[in-house]
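Here are some questions and answers for a reader who is new to this structure.

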Amino acid sequence: MSSPAKPVIHSAWITGAREGIPLLGGYIPVAISFGLIAVQSGFSAWEAVLISTVVYAGASQFLFVAMVAAGAPLWLVVVMTLLINARHLVYGPNIAPWLSGSRWWPWLMHGLTDQIFALSHVRLPQLEARHRMGWYIGVAVVAWFSWIGGTAIGAVAGMELTQRWPLVGEVMPFALPALFLVLLAPRFASRHWALTLAATISSALLIALYGFKNAAIPIAAVCGALVYYGLDILVRNRLNSTSEAKNG
Amino acid sequence: MDSELWGALLVTALGTLMMRALPLLWMRRHLIRKQSANSLDAMPSWLTVLGPLMIAAMFGVSLVPPKINALSWWATGIGMLATYIVWRYTHSLGWPVFAGVAAYGSIVLLVSSSF
């Protein structure tokens with residue numbers, strides 16, 4: 001006899017998988033580049049796929065392959081690849097209020113990339129508690145498999161693909177900024193958040209333009225936090241002075 | 001890959017997983033200790049602010065086009081506009097992204113085919 005909960009769980013998986021599809025545009029071209037670069041750096045196609053499967057962190061993987069190919073000491077390779085992902089430290093705690101006490105959740109954090117965090121941060125609060133794990137697994141599996149598949153394609157036929165369709169790799173990653181815009185758009189309704197987000201986005205853009213893409217994320221977030229709390233203090237001071245003026 | 005490189009890969013993979021999982025476990029304990037009816041209230045306020053800011057920072061970084069020139073900036077601007085307009089109408093996730101990529105891609109393809 002089938003449990004009545006099953007279709008619900010299945011539909012949560014499918015919803016998650018469907019909502020993960022926009023990520024493919026950003027993941028596959030980058031994964032193809034990684035597969036190609038890994039093979040050119042002396043790794044076999046299987047090794048490239050294995051790195052994508054177990055590490056599953058874009059910038060870390062590129063750095064790992066580049067440093068190993070350059071002959072850097074392995075302890076330094078490990079330290080640098082972990083440091084570059086330090087921003088991930090704040091992702092889990094941010095979505096924790098919407099996760100159940102299941103022992104599976106810590107293991108599922110393997111799939112918590114930048115983009116999955118962004119999606120989860122917006123979508124998990126909107127979902128019923130019983131649907132959250134199914135939804136998360138659906139979206140994370142689609143993203144993970146696309147990353148692994150893209151790496152395999154890049155390792156086997158990356159050179160041919162990039163020569164035949166050079167513009168595809170240029171156009172498809174636009175799915176990521178478009179997705180981030182959709183996730184942030186509702187917050188622009190508040191003036192406080194609109195100013196904070198504008199400051200964060202423009203500082204991240206500027207830092208990235210100077211070539212520090214990985215440092216841009218934590219630095220811009222800190223700049224944004226300063227703006228947020230600065231505005232908070234400003235509003236509080238204004239309210240205090242207004243009430244003082246009223247009182248006499 | 002030799003055994004030392006396998007070891008480095010394993011440590012990197014485990015380290016990355018720990019960096020994603022351990023802070024979650026810490027926050028779970030924090031929420032249990034606070035035992036608040038609304039777990040959001042029990043979260044440190046800086047953390048609730050930092051979440052959207054991290055997404056905004058990723059957005060800012062992802063706006064940098066692969067080739068930096070006037071055409072790419074125009075395509076980015078129009079792609080963003082298309083995404084926003086479709087989001088205003090649909091309030092969905094997939095269609096605005098599709099519209100944005102289509103608008104951005106059309107401009108890049110049009111200009112690259114005419115030169």
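Contact means heavy atoms within 4.5 Å. The model discussed here is predicted.

Q: Among contacts in chain A between residues at least 6 apart in sequence, what percentage join residues at least 24 apart?
A: Contact means heavy atoms within 4.5 Å. Among such contacts in chain A, counted between residues at least 6 apart in sequence, the share that join residues at least 24 apart is 72%.

Q: How many helices and strands does chain A have?
A: Read along the sequence, chain A follows the pattern α-α-α-α-α-α-α-α-α-α-α-α. The totals for chain A are 12 helices and 0 strands.

Q: How many Å apart do the C-alpha centres of domain 1 and domain 2 of chain A lie?
A: The domain assignment places domain 1 of chain A at 5–175 and domain 2 at 190–248. The distance between their C-alpha centres is 30 Å.

Q: Are α3(A) and α4(A) roughly parallel or roughly antiparallel to each other?
A: Helix α3 (residues 58–69) and helix α4 (residues 74–83) of chain A pack with their axes 9 Å apart, at an angle of about 165°. Angles over 145 degrees count as roughly antiparallel. Therefore α3(A) and α4(A) are roughly antiparallel.

Q: How many nonpolar, polar and charged residues does the contact of α3(A) with α4(A) have?
A: From α3(A), the contact is made by Ser60(A), Leu63(A), Phe64(A), Met67(A) and Val68(A). From α4(A), Leu74(A), Leu76(A), Val77(A), Met80(A) and Thr81(A) take part. By class, the contact has 8 nonpolar, 2 polar and no charged residues.

Conventions. Residues numbered from 1 in each chain as written. Chains lettered and ligands numbered in written order. Predicted model: local features only at pLDDT ≥ 70, side-chain atom pairs only at ≥ 80, totals over all residues. Heavy atoms only, no water. Domains from an automatic or database assignment. Axes fitted to C-alpha atoms, helices over the stretch in contact; angles between N-to-C directions. Helix = DSSP H or I, 4+ residues; strand = E, 2+ residues; numbered from the N terminus. Parallel < 35°, antiparallel > 145°, perpendicular 65-115°, else oblique. Nonpolar A, V, L, I, M, F, W, Y, C, P; charged D, E, K, R; others polar.
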